[in-house]
Amino acid sequence: MRKTEYNLRLLNVLFVTSLIISNVVTGKLVQTGLVFDGVNMILPGAMFCYALTFLITDVIGEIWGKQEANECVKLGFICQLTALILTQLTKYLPPYQIEMQNAYNLVLGQGWLYVLASLLAYLTAQSWDVFIFHKVRNKFNGNPKLRWIWNNLSTLTSQMIDTLIFITIAFGIGYGWIFTNLKMFVLMVIGQYLFKAILAILDTPFFYILTRRKND
């Protein structure tokens, strides 16, 4: 990907879009078909689109640098906060049909704890991703042949942080699983992280493809 203003804007738009959509679809719990010790392993619906955000910030960081990657994270936080405020305000507008209101509440009517989990996990994990990405990159002097090291290390560690914060607050505390269904809580943490780790490894070729022509 060439280092142009258009490409930077495009990546920022894709980042924000993926981030906002992840908040919309994360309430859907996905059945994996995997059963451990009699418990079905389930995952939040945002696993694909949210994982994409880490690839995007890595590409921005590799081509445009740490400052632009951090700016993307800040922009994402502002847009995410704005979207959450607007969806919550819309929730309290008088409905024309009660069925539509119930559907809206089910999909977009997240409680304050759910919102807190999403914002805290995002800001912490994404900030760490940018920090460790450039920390490791500088340690290897930006050797282009070793891009897979800082790409994977930053994403794998930041996804662990994101998973622990979000699942603990939203499901462990919000759903009470820490107190009532600890096994389900642990399996969701493990299952979501393993899936994210697989996606992080699989996106490595795309990271190489998108960053190979950065100076053209």
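In which hand, right or left, does helix 2 pass helix 6? The crossing is right-handed. This is a predicted model.

**Helix 2 against helix 6**
- Helix 2 spans residues 47-63, and helix 6 spans residues 147-173.
- Their axes lie 11 Å apart, and the packing angle is about 140°.
- Angles over 145 degrees would count as roughly antiparallel. Helix 2 and helix 6 are therefore oblique to each other.
- Helix 2 contributes Y50, A51, F54, D58 and E62 to the contact.
- Helix 6 contributes R147, W150, N151, S154, T155, S158, Q159 and D162.
- By class, this contact of helix 2 with helix 6 holds four nonpolar, five polar and four charged residues.

**S22 in helix 1**
- S22 sits in helix 1, which covers residues 5-25.
- S22 counts as buried because its relative accessibility is 5%, and the cut-off for buried is under 20%.
- A polar atom of the S22 side chain lies 2.5 Å from the backbone oxygen of L19.
- Beyond residues up to four places away in sequence, S22 touches A46, C49 and Y50.

**T163 in helix 6**
- T163 belongs to helix 6.
- T163 has 0% relative accessibility, so this residue counts as buried.
- The T163 side chain makes a polar contact with the side chain of K196, at 3.1 Å.
- Leaving aside neighbours within four places in sequence, T163 contacts T168, V189, Q192, Y193 and K196.
- T163 and G191 are 28 residues apart along the chain, with 9.9 Å between their C-alpha atoms.

Methods:
Residues numbered from 1 in each chain as written. Predicted model: local features only at pLDDT ≥ 70, side-chain atom pairs only at ≥ 80, totals over all residues. Heavy atoms only, no water. Helix = DSSP H or I, 4+ residues; strand = E, 2+ residues; numbered from the N terminus. Buried < 20%, exposed > 50% of the residue type's maximum accessible area, 1.4 Å probe, protein only. Polar contact = N/O pair within 3.5 Å; in protein donor to acceptor, adjacent residues only side chain to side chain. Contact = heavy atoms within 4.5 Å. Axes fitted to C-alpha atoms, helices over the stretch in contact; angles between N-to-C directions. Parallel < 35°, antiparallel > 145°, perpendicular 65-115°, else oblique. Left-handed = near helix turned anticlockwise from the far one by under 90°. Nonpolar A, V, L, I, M, F, W, Y, C, P; charged D, E, K, R; others polar.
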